[in-house]
Amino acid sequence: MKIAIAGAGAMGCSYGHMLKQAGNDVVLLDNWEDHVNKINESGLKVNEVGQEKVTYIKAYKPSDYHEKVDLVIVFTKSLQLNSFLQQIKHLLTEDTKVLCLLNGLGHIETLSQYTHKENIYMGVTVVTARFTNVNEPANVSFSSYGKTEIENVVSSKEAERFGKLIAQTINDSGLPCEFVDNIYWSIWRKACLNGCMNSLCTILDSNMLDLGKINNIEYIINSVIKEFAAIASTEGISLDIDEMTKFVMSFTAETFSGAKHFPSMHQDLIRNHRLTEVDYLNGYVSRRGKELNIPTPFNDLITVLVHGKEYLLQAK
Ligand SMILES: NC(=O)C1=CN([C@@H]2O[C@H](COP(=O)(O)OP(=O)(O)OC[C@H]3O[C@@H](n4cnc5c(N)ncnc54)[C@H](OP(=O)(O)O)[C@@H]3O)[C@@H](O)[C@H]2O)C=CC1
Ligand SMILES: CC(C)(CO)C(=O)C(=O)O
């Protein structure tokens, strides 16, 4: 399968490396010029769950790549999704499939502006990745082979066949991937996980392991989850609050290889002083709560605090 990864950050590079290592025809697309040049000059360094590797993979600026691909895997940040799709719209032909693995809610609407819904596949992943050193290009690390779940958005036999082929391709590369039957539920579940982990670790400047050790944190997590569940139910999605709380707490366990991971929002704001995805997570719940007259005080507070920290750190 010929694959272009649109957004070669920590996650795009980790997936690109695994897919390329397994023999797929993969290219990376990114706007960070030093990163693109370094990957082409000396390869992409990847610490793959403790093993140091180098992958020789071609990287391009989005406007410089024009070959036809079967699949585009989108891995930008939520805030850059629209502008990146604008830059790769020449690659999105009638039959090019697009798999979106970003965290957050509301991405299908953005993707639908650039391709038919029949071409859209949505997914979630719990791989834990980062750039190994701040501002060092072509060097990423990931600390767990987290599970990926995907599904087509419009149901048809052909969409399902291709979806299963994508899942098989990712799975065969060494990243466990399941073709699921309710991706909307998976997206809400993942957004809820991020609404707890990413935002709280950012506010507290903590990794997930240490977050789990904080007195009464499970009560705060459970309260955030209840509000996610209330808004999800208005979109026909049922989140089991107890199961969801156990799922979130499992990311803080000593036994989880990725527990020392600083979530991607922490990397954005605390490590790199970049704007965060909070408006696609807690901010989404807070906004919908106001529109629907459903109280969401925990998510309101978290959204204000994360935006406050963005302001204080002059995030861009
Ligand atoms: N990291 C993780 O563990 C996980 C992340 N996710 C999700 O995956 C998506 C992608 O996240 P992730 O890969 O972590 O994002 P990164 O911050 O690693 O990369 C995203 C983009 O930011 C730009 N960028 C990053 N670092 C620099 C730098 N030093 N200088 C210039 N530009 C830079 C690049 O875009 P540009 O083209 O602008 O140069 C890059 O494509 C997000 O939605 C995230 O929430 C999901 C699960 C886990
Ligand atoms: C769940 C978690 C924390 C790791 O997969 C994540 O999605 C992130 O870092 O954004």
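The structure is a predicted model, and its chain has 316 residues, of which 48% count as buried. The chain is assigned two domains, domain 1 (2–181) and domain 2 (184–313), and there are residue shells around ligand 1 and ligand 2.

**Overall build**

- The secondary structure of the chain consists of 12 helices and 12 strands.
- The radius of gyration is 19 Å, close to the 20 Å that the globule rule gives for 316 residues, so the chain is as compact as a globular protein of that length.
- The C-alpha trace spans about 50 × 45 × 35 Å along its principal axes.
- Among contacts with a separation of 6 or more, 69% are between residues 24 or more positions apart.

**Domains**

- The C-alpha centres of domain 1 and domain 2 are 24 Å apart.
- Contact between the two domains involves 17 residues of domain 1 and 17 residues of domain 2.
- On the side of domain 1 that touches domain 2, there are 6 nonpolar, 8 polar and 3 charged residues.
- UniProt, in an unreviewed entry, lists the feature "domain: Ketopantoate reductase N-terminal" at residues 3–152.
- Residues 3–152 are 23% helix and 32% strand, with the end C-alpha atoms 17 Å apart.
- From UniProt, again in an unreviewed entry, comes the feature "domain: Ketopantoate reductase C-terminal" at residues 182–310.
- Residues 182–310 are 68% helix and 0% strand, and their end C-alpha atoms are 34 Å apart.

**Around ligand 1**

- Ligand 1 is surrounded by 25 residues, and the closest are Gly9, Met11, Asn31, Trp32 and Asn103.
- Helix 1 (10–21) and strand 9 (129–131) each contribute at least two residues to the shell around ligand 1.
- Sorted by class, the shell around ligand 1 holds 9 nonpolar, 12 polar and 4 charged residues.

**Around ligand 2**

- The residues around ligand 2 include Asn103, Val126, Val127, Thr128 and Gly146.
- Helix 6 (residues 183–204) gives the most to the shell around ligand 2, with 4 residues.
- Both domain 1 (2–181) and domain 2 (184–313) take part in the shell around ligand 2, each with at least three residues.
- The shell around ligand 2 has 5 nonpolar residues, 7 polar residues and no charged residues.

**Ser14, in helix 1**

- Ser14 is part of helix 1.
- Ser14 counts as buried because 29 C-beta neighbours lie inside 10 Å, where the cut-off for a buried residue is 20 or more.
- Ser14 and Thr76 are 62 residues apart in sequence, and their C-alpha atoms are 13 Å apart in space.

**The loop between strand 9 and strand 10**

- Thr132 lies in the loop between strand 9 and strand 10.
- Thr132 has 16 C-beta neighbours inside 10 Å, so it counts as partly exposed.
- Leaving aside neighbours within four places in sequence, the contacts of Thr132 are Asn47, Asn139, Val140 and Ser141.
- Thr132 and Lys157 are 25 residues apart along the chain, and 41 Å separates their C-alpha atoms.
- Asn135 is also placed in the loop between strand 9 and strand 10 (139–142).
- Asn135 counts as exposed because it has 10 C-beta neighbours inside 10 Å.
- The phi of Asn135 is positive, about 65°, although Asn135 is not a glycine.

- Asn293 has a positive phi, near 60°, in a residue other than glycine.

Definitions and conventions:
Residues numbered from 1 in each chain as written. Chains lettered and ligands numbered in written order. Predicted model: local features only at pLDDT ≥ 70, side-chain atom pairs only at ≥ 80, totals over all residues. Near = placed C-beta within 6 Å. Nonpolar A, V, L, I, M, F, W, Y, C, P; charged D, E, K, R; others polar. Rg over C-alpha atoms; globule rule 2.2 N^0.38 Å. Buried ≥ 20, exposed ≤ 12 C-beta atoms within 10 Å, placed from the backbone. Contact = placed C-beta atoms within 7 Å. UniProt positions renumbered as here; feature names shortened; annotations may be inferred. Domains from an automatic or database assignment.
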